[in-house]
Amino acid sequence: MRKNSKVTQREHTSEHVTESVADLLAHEAPLDYKNSSLNVGGVPGKKIVLEPPENDGRPAWNSKLQYILAQVGFSVGLGNVWRFPYLCQKNGGGAYLVPYFILLILIGVPLFFLELAVGQKIRRGSIGVWNYVCPQLGGIGVSSLMVCGFVGLYYNVIIGWSIFYFFQSFQYPLPWAECPIRRNGSLAIVEPECEKSSATTYFWYRQTLNTTSTIADSGGLNVKMTLSLLVAWIIVCLAVIRGIASSGKVMYFSSLFPYVVLFCFLVRGLLLKGAVDGIAHMFTPKLEKMLEPQVWREAATQVFFALGLGFGGVIAFSSYNKIDNNCHFDAVLVSFINFVTSILATLVVFAVLGFKANLMNEKCVMENGEKILGYLNSNVLSHDLIPPHVNFSQLSTVDYAEIYAVIKTVKEGSFAELSLDPCVLEDELNKSVQGTGLAFIAFTEAMTHFPASPFWSVMFFFMLINLGLGSMIGTMTGITTPVLDTYKVQKELFTVCCCIIAFFCGLLFVQRSGNYFVTMFDDYSAGLPLTVVVILENVSVAWIYGTKRFMQDLEDMLGFRPHAFYFYMWKYVSPCCLIVLITATVIEMAISPPGYNAWVEELHQGYFFFTLFPFSYPPWALAMCFSLIVVAMLPLPVVFIARYFNLMSDGSNKLSVSYRKSMMKDISNLEEVDEARSILCKNPGETPSPKPPSQAYLGPPGTNPLENPNSLSPNSCYGTTLPKTPQPPPSPTE
C-alpha cells in the first residue's frame with residue numbers, strides 16, 4: 001500500500017472519517033460523501049441506498065434466450081459431431097451412453113453449475129473470480145486464459161479447413177468425388193496416389209493439406225489454408241469485437257442453424273440404404289465394455305470437454321447475467337441440450353456411416369466376386385463349389401458369404417493364397433473414424449453418393465463453420481473478458497490485436513506439416529492443464545471457501561437453497577472423480593509414447609499404398625509437447641508463491657467501485673467509524689495490513705455484517721471473517 005494513501009494516513013491520525021467507503025476501498029478520487037450512496041456518516045438508523053448490481057455499468061445480455069444460446073453455442077461444438085460418435089462406436093455402442101450419463105450427473109452438471117454461479121455472483125471473468133474467491137489460487141484464471149489461447153490457435157484452423165471445403169462444395173461433381181486424371185501426352189492415367197487410397201482421402205491429404213511425410217519437414221506455407229485461416233479469424237473478430245453486443249446476436253444464428261442441418265441430415269440419412277444397419281449398430285450395446293476402466297476414463301474426459309469446463313468462457317458468459325438469475329436452471333438445461341445434441345449427432349453419423357458401410361461392402365463383394373470368377377476360369381477353383389442359383393453379374397452379399405464359406409472349408413490349406421476378403425458388414429461398421437477423418441473423409445465420401453451432393457456438402461460444412469464459430473466465441477470471451485475486467489484497455493482495439501497475433505501464431509498450423517501440430521496441440525495443450533484447473537476450482541470453493549458458505553451465498557442469490565445433492569458432489573464426489581481422471585491421464589501419457597500419424601507411402605505384401613503410419617515425435621517436438629503443459633500450468637505455482645510471500649497484490653485493488661457495490665447487500669445502522677473500518681477487516685488501532693484492502697460481501701439483508709461469516713469474501717482464502725478482536729489467521733481448510 002502506498003505510504004501517502006488516505007487509508008494509511010488515517011491509521012496514524014484521529015481524523016474523523018467523512019469520505020465515502022468507496023474511496024477507502026478503491027483508492028480512487030474522493031467522492032461527494034453527502035450525495036454518495038455509500039455514505040456511512042449519515043443519520044443513524046437510516047438505510048443506505050445501494051445501486052443495484054445489474055446497473056453497475058457492466059454489459060448485460062439482451063434476453064435470457066440470447067444467454068442460453070451463447071452457452072449452448074459454446075458447449076456444443078465439433079466434439080459433439082465427430083468425437084462423441086467415435087467414442088460411442090469404439091466403446092460399446094449404446095453401452096457407452098450409460099457411463100457417459102452417470103458421469104454427466106456426477107461431474108458435468110455440478111461443476112457446470114459451480115462455474116455459472118461464481119461467474120454470476122462475482123460478475124467478473126475467470127481472473128477476477130478466482131482472485132476474489134481465493135487470491136493465492138488466482139493463477140487458476142490465468143491458466144484458463146492460457147489454455148483458451150492455445151485451443152483457440154488450432155481450433156480456428158479447423159474452421160479454416162471447413163471454410164475451404166465449403167467453397168469447394170459449389171461445383172458438380174464435387175472435387176473429391178473422383179480421382180484426378182494425369183495426362184502424359186496421349187496417355188491418360190489415374191493419379192497413382194489416389195488410386196492406392198481413395199478420392200476423398202487423396203483430396204484431404206494431398207489437395208487440401210498437401211501434407212509432408214514427417215513433422216520435421218515443414219514444407220513451407222500452404223497458401224490455400226493460410227487464406228482460409230485469415231478468413232476464419234476475420235469472421236471471429238467481427239463476431240466478438242463488441243463483446244456480447246455483437247457475439248450475442250451472432251449466437252441466434254450460429255447456435256440454431258446446426259440443429260436445422262442435423263435434423264435435415266437425419267431425415268435424409270434415414271432414407272438411405274443401410275442407414276438402419278448403422279443405427280442398429282449404434283444401439284446394440286456391448287455390455288462387457290462397461291467393465292473396462294478405459295471406457296469410463298474416456299466418458300469422463302468427454303463430459304469434461306463437452307461442457308467447456310475450465311476454459312473460462314462459461315464464467316465469462318454468466319458474469320453478464322443479473323445477480324438473481326436462476327443459474328441452476330441454466331446449468332441443467334444447457335447440460336441436457338448438450339447431451340441430446342450428442343445423441344442427435346450420433347444418430348446422423350451412424351445413419352450416414354451405415355450407408356457408407358453398405359456401399360463399401362457391396363464394392364468388396366463385387367471385387368472379390370471378380371477374383372472368384374477369374375479363379376473359376378483359370379481352373380484354380382472348381383465350378384462345383386458354386387451353388388447353381390448364384391449369378392455373378394448380380395452377386396448379393398448373402399450369396400457371396402455362402403460362396404466364401406464353402407471355398408474356405410474346401411480349400412482350407414491354400415485359402416490364404418486366394419486373398420479373398422470376408423466382406424462382412426459388421427467389420428465395416430466397426431471401423432472407428434474420429435476427428436478430421438470423420439468430417440473430411442468418411443462424411444465427404446458418403447455425400448458423393450447423395451442425390452444433389454453439392455447442396456448437402458454446402459449444408460454440412462456451413463454447419464461445421466457455425467459449430468466452430470460458437471465455440472470460438474466462447475473461447476475468445478474467455479480471453480478478452482478477464483483482461484478487460486482487470487486492465488483498462490479499449491475493447492475493440494484489444495480484440496483486434498488478439499486476432500492479429502493469433503493469426504500470425506496460427507501460421508504454424510498452415511504449413512504443409514501443420515496437421516501434425518494441430519494433433520500435438522489437441523493432445524497436450526488442454527487435457528491435463530484443464531483437468532488441474534477444474535479440480536482447483538472445485539477445491540477452492542468447496543474446501544477453502546467452504547461448501548456451506550457457498551450454499552448460503554447461492555440461497556441469497558437465487559432465493560432458494562440448492563438441493564443437498566450439490567453439497568456432496570462439490571465436497572466429495574466430484575473432487576474424487578477428478579483426481580482419478582488426472583491419475584488416469586498421467587498414467588496414459590506415461591504408458592503411451594507421444595506420437596503422431598503421418599501420411600506416407602508404404603510397401604506391404606509386395607504392393608505400394610498410402611496409409612497413416614505412426615511415428616514418434618523427435619526430441620524437439622517432445623520438448624514442445626511438454627512445454628505446452630508446463631506453460632499452461634505455470635501460473636498456478638507462480639501466483640501462489642508470489643501471493644503467499646506478499647510479492648504481488650491480491651488483485652483486489654484493480655476492482656472498480658461498481659464491482660464493489662455489486663457485491664454488497666444492505667448495510668444498515670453503521671454509525672461508528674470503527675464499523676466502517678471493519679469492512680476492510682481492521683479494528684481500531686490495528687496496524688495496517690501489508691496486503692491491499694479487500695471488501696467483503698456482507699451477507700443477506702437484515703443481518704449484522706460483523707456476525708455473518710457466510711459471505712463471498714476476497715480474503716476467504718486467508719480465513720478472514722471480520723473479527724472483532726485481532727486473531728491469528730486459521731488454517732486454510734477452516
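Is lysine 273 buried or exposed? Lysine 273 is exposed, as its relative accessible area is 53%; the term exposed denotes over 50% relative accessible area, buried under 20%, and partly exposed the range in between, with a 1.4 Å probe and protein chains only.

The model is predicted: local features need pLDDT of at least 70, side-chain atom pairs count only at pLDDT 80 or more, and totals for chains, interfaces and linings use all residues. Residues are numbered from 1 along each chain as its sequence is written, and side-chain values use heavy atoms, with hydrogens and water left out.

**Salt bridges**

A salt bridge is defined here as a side-chain nitrogen of Lys or Arg within 4 Å of a carboxyl oxygen of Asp or Glu. By this rule the count is 4 salt bridges. The following table gives details for pairs among them.

| Aspartate 330 | Lysine 64 | 3.1 Å |

Aspartate 330 and lysine 64 join in a salt bridge. This pair links distant parts of the chain, with aspartate 330 in helix 16 (residues 327-377) and lysine 64 in helix 3 (residues 64-75), 266 residues apart. Helices (H or I, at least four residues) and strands (E, at least two) are DSSP runs, numbered from the N terminus. Aspartate 330 counts as buried because its relative accessibility is 0%, whereas lysine 64, at 35%, counts as partly exposed.

Glutamate 362 belongs to helix 16, and lysine 273 to the loop between helix 12 (257-270) and helix 13 (275-282), so the pair ties together parts that are 89 residues apart in sequence. Glutamate 362 is partly exposed, its relative accessible area being 32%.

Glutamate 588 is partly exposed at 30% relative accessible area, while arginine 297 is buried at 14%.

**Glutamine 120**

Glutamine 120 is located in helix 5 (residues 94-122) and counts as buried because its relative accessibility is 0%. Its side chain reaches two backbone oxygens: that of asparagine 325 at 2.6 Å and that of lysine 322 at 3.5 Å. Contact means heavy atoms within 4.5 Å. Residues up to four places away in sequence being excluded, the residues that glutamine 120 touches include Ser318, Asp324, Cys327, Met557 and Leu558.

Asparagine 184 has leucine 187, in strand 2, as its bridge partner. The hairpin has 2 residues between the strands, and glycine 185 adopts a positive phi near 70°.

Cysteine 194 lies in helix 8 (residues 192-196) and counts as buried because its relative accessibility is 1%. Neighbours within four places in sequence aside, cysteine 194 is in contact with Cys179, Pro180, Ala199 and Tyr202. The C-alpha atoms of cysteine 194 and glutamate 178 are separated by 8.9 Å, the two residues being 16 residues apart along the chain.

Technical notes:
A polar contact is a pair of N or O atoms within 3.5 Å; within protein, one must be able to donate a hydrogen and the other to accept it, and residues adjacent in sequence count only if both atoms are side-chain atoms. Two strands pair if DSSP finds at least two bridges between them.
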